[in-house]
Amino acid sequence: MAIKGLFERFKKGLARTAQLFNFRTWFGRKVDQSFLDDLEARLIQADVGVAATTRIIDRVREAFADKTADENLVNFVKGELKGLLEDTTPGVLATAAKKPTVYLIAGVNGSGKTTSIAKLAQRLKDQGNTLVLAACDTFRAAAADQLEIWAKRAGTELVRGASGADPASVAHDACQRAVARGIDILIVDTAGRLHTQTHLMRELEKIRNVIQRLIPGSPHEVLLVLDGTNGQNAIRQAEVFTKSIGCTGVILTKLDGTAKGGVAVAVRQSMKLPIKFIGVGEGIEDLQPFDADTFVESLFE
Ligand SMILES: Nc1nc2c(ncn2[C@@H]2O[C@H](COP(=O)(O)OP(=O)(O)OP(=O)(O)O)[C@@H](O)[C@H]2O)c(=O)[nH]1
C-alpha cells in the first residue's frame, strides 16, 4: 500500500489516541512543572507506560525548561516516541530457508487472534504464497468453525481435529500436510483459554515442540496477539506468554477502539518484542504492518 494510504488508515484507526496527542492547543504555554504534569498525564492516559513516560518527561524538561511550547517540542516528543518504538523492519516476518515457514499464533480468547490470522493469511496469499491453516483450539468448536469460514474466504486449506482432540495432534497433521504438499506457509492457531493458565501454557509448549520436531528450525515466528484496548494488562499477558513459549513479535489489535494506543510503546519497551502488525479495524485490510514513523506521525495529526 502506498505510504499515503497507509498513513490515512493509521490516522483513522488511531484517531481516539490522537485526541490525547493534540498538543497544538498548548502552543505558547511555558514549559514549567504544570506543563510537564499535563504532558505526563496525557502520556499515562494513552498507556505509554510509566517508564517511557518518565523518560520522555525528563528529556523534555532537559531540552525545553522555561521555553515556550511550539512545533519544536512536538517534533521532540515525536522523536522520543519513535526512538522508544525502536522499529526495525515494519511488518517483516521471518521466513524459512526451506519451506514451509511456520507461524505460531498465541493470545487470549477475544484478543482478535482468529480475525488477525484471517487477515494475515489473506495478506500472505495475496503475496503469492500457498498456505495451510491449523485450528489447534479444539476446545471451542466455534473457534475452528470461525477459522474455517475465513480459510474458505481466503481460499486456503484448513486442518482441524474433532472436538476435544489433542491440539498437538492437529499441529502434527498440519505440519505433515504442509510438508507433503510443499506449502509455503503454515499458520497455527491456538487456544486462548483453558481452565488453568498452567494447562494452557503446557499445551502451547506441547504444540511448539511438535512443530519444532517435524519442521526443524520452526516455528519461524511466534506471534502474540494482544488486544490494544487492554492497555497495560496486555503487558502482563505478554509476560506470561513470552515466559512460556518465547514470543518473537506482537500483533496489537483493536487500536481503533481505544485511546490507549500508546501501549505500543509500553509493549516494545517492557517486553523488547517488536510490533509486527497492528489492527485498526474489523475489515480484512485493517491489519497493517506496523511502522513506527507512520504510527507516531498519525498520532499527532
Ligand atoms: N475494531 C476492531 N475489532 C477487531 C480488531 N481485531 C479483531 N476485532 C474484533 O474482535 C472480536 C474478537 O476477535 P476474534 O478474532 O474472534 O478473537 P479471538 O482472539 O480469536 O477470540 P476467540 O474467537 O474467542 O478465540 C471480533 O469481533 C473481531 O472482529 C481490530 O483491529 N479492530
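Visitor: Which residues does Asp47 touch, not counting residues up to four places away in sequence?

Guide: Asp47 touches Gly231, Gln232, Lys260, Gly262, Val263 and Ala266. Two residues are in contact if their C-beta atoms, placed from the backbone, lie within 7 Å. A word on the model: it is predicted, so local features need pLDDT of at least 70 and side-chain atom pairs count only at pLDDT 80 or more, while totals for chains, interfaces and linings use all residues. Residues are numbered from 1 along each chain as its sequence is written.

Visitor: Why is Asp47 called buried?

Guide: A residue is buried if 20 or more other C-beta atoms lie within 10 Å of its own, exposed if 12 or fewer, and partly exposed in between. Asp47 has 28 such neighbours inside 10 Å, so Asp47 counts as buried. Its place is in the loop between α3 (33–45) and α4 (50–64); helices (H or I, at least four residues) and strands (E, at least two) are DSSP runs, numbered from the N terminus.

Visitor: How far apart are Asp47 and Ala259 in sequence and in space?

Guide: They are 212 residues apart in sequence and 8.3 Å apart in space, C-alpha to C-alpha.

Visitor: What makes the largest nonpolar core a core?

Guide: A nonpolar core is a set of buried Ala, Val, Leu, Ile, Met, Phe, Trp, Tyr and Cys residues joined through C-beta atoms within 7 Å. The largest has 91 residues, and Ala134 and Ile187 are among those with the most contacts inside it. Leaving aside neighbours within four places in sequence, the contacts of Ala134 include Val159, Ala171 and Val188.

Visitor: Which residues come nearest to the ligand?

Guide: Of the 20 residues around the ligand, Gly112, Lys113, Thr114, Thr115 and Gly279 come nearest; a residue is near a molecule if its C-beta atom, placed from the backbone, lies within 6 Å of it. The largest share of this shell, three residues, comes from α6.
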